[in-house]
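Dear colleague,

Here is the structure we spoke about handing over. My notes on the sheets and the domains follow below.

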Amino acid sequence: MSSQAPDRTPRVVIIGAGIAGVQTAVALREQGWRDAITLLGDEPHPPYDRPPLSKAVLLGKADGSAFDVDFEGLGIELHLGRRVTALTPDRRQVETSEGPVRYDHAVIATGADPVMLPGSQGLPGVHLLRTLDDAERLRPVLAAQHEIVVVGAGWIGAEFATAAREAGCAVTVVEAADRPLAGALPAEVAAHMTGWYAGAGAELRTGARVASV
Ligand SMILES: Cc1cc2nc3c(=O)[nH]c(=O)nc-3n(C[C@H](O)[C@H](O)[C@H](O)COP(=O)(O)OP(=O)(O)OC[C@H]3O[C@@H](n4cnc5c(N)ncnc54)[C@H](O)[C@@H]3O)c2cc1C
């Protein structure tokens, strides 16, 4: 009876194939890590950059924004559509939808999720903008020139509002704080940003916290 020896090659497992996960994998190779690198991403698409999602991809000026990285050439094992469900540190393995993966080092690069509004999950006409699939779902919405309410006057809200105006939609932006970008910039800088909305022809309502949808 022959039994296969377990794979003991030193292995870095990176959870999350966003820019942080991809750059970690590439930097490990560039800086001399010669052993195994496994990159696990739960999305089905080849790893992509998110900034174009609220700009060119949303407006149909680009089909995607995949990173220009030769994963195979760099010896990075890329597994897409594979969600990590748990970490079992005493066995040094991550649990995934398709079985466990052993690690010597695990890097958690899972990013952040947008805040869901109470009662909004699964409602027709209510969208998030975080993934390539979200941007593709939103393209025809803009093309149909619907009336749009954007919740949140941060960077992504501002970009989305600008793109929606460019597509010919009527846009109202609601923001809980008393000014746009309150969490990111001091008042004197953010004050200039208020003009963006008027300039784009979007209505901005500040001090307007959404209670539910
Ligand atoms: C629409 C949009 C526009 C943006 N525009 C800009 C911009 O113009 N300038 C700028 O600086 N920043 C911008 N950002 C922010 C920037 O994209 C983020 O800062 C960046 O994506 C963070 O990278 P990350 O790799 O840490 O996380 P993410 O990009 O969130 O990647 C994490 C990945 O991990 C995956 N994942 C999560 N949990 C698991 C799991 N359990 N198992 C496997 N995989 C998992 C996620 O699905 C995701 O693919 C924008 C973001 C969005 C959404």
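Val12 has His105 in E7 as its bridge partner. This pair belongs to strand E1 (residues 11-15) and strand E7, which run parallel and are joined by four bridges. Helices (H or I, at least four residues) and strands (E, at least two) are DSSP runs numbered from the N terminus, and two strands count as paired if DSSP finds at least two bridges between them.

The model is predicted, so local features need pLDDT of at least 70 and side-chain atom pairs count only at pLDDT 80 or more, while totals for chains, interfaces and linings use all residues. Residues are numbered from 1 along each chain as its sequence is written, and side-chain values use heavy atoms, with hydrogens and water left out.

E1 and E7 are part of an open sheet of four strands, in the order E3-E2-E1-E7, with parallel pairing. Strand E3 (76-79) and strand E7 (105-108) are at the edges with a single partner strand each, so one side of each has no neighbour in the sheet. Direction ignored, neighbouring strands of this sheet are turned by 15° against each other on average. Axes here are lines fitted to C-alpha atoms, for helices over the stretch in contact, and angles run from 0 to 180 degrees between N-to-C directions.

The other sheet to look at is open and has three strands, ordered E8-E9-E10 and paired in parallel. Its edge strands, E8 (147-151) and E10 (203-205), each pair on one side only. From one strand to the next the twist averages 20°. Strand E9 (residues 170-174) runs parallel to E10, and three bridges join them; Val173 stands opposite Leu204 in E10. Helix H3 (residues 155-166) packs on this sheet and touches E8 and E9 (contact: heavy atoms within 4.5 Å). The direction of H3 makes about 165° with that of E9.

On the domains: the assignment, automatic or from a database, gives domain 1 (11-108) and domain 2 (132-205). Their C-alpha centres lie 31 Å apart, and the contact takes 14 residues from domain 1 and 12 residues from domain 2. About 1,100 Å² is buried between them, 59% of it from carbon and sulfur atoms; buried area is the accessible area (1.4 Å probe) that two parts lose on being put together, summed over both. Two salt bridges cross the interface (side-chain nitrogen of Lys or Arg within 4 Å of a carboxyl oxygen of Asp or Glu). Elsewhere in my notes, Glu166 forms a salt bridge with Lys61, with the closest N and O atoms 2.8 Å apart.

Regards
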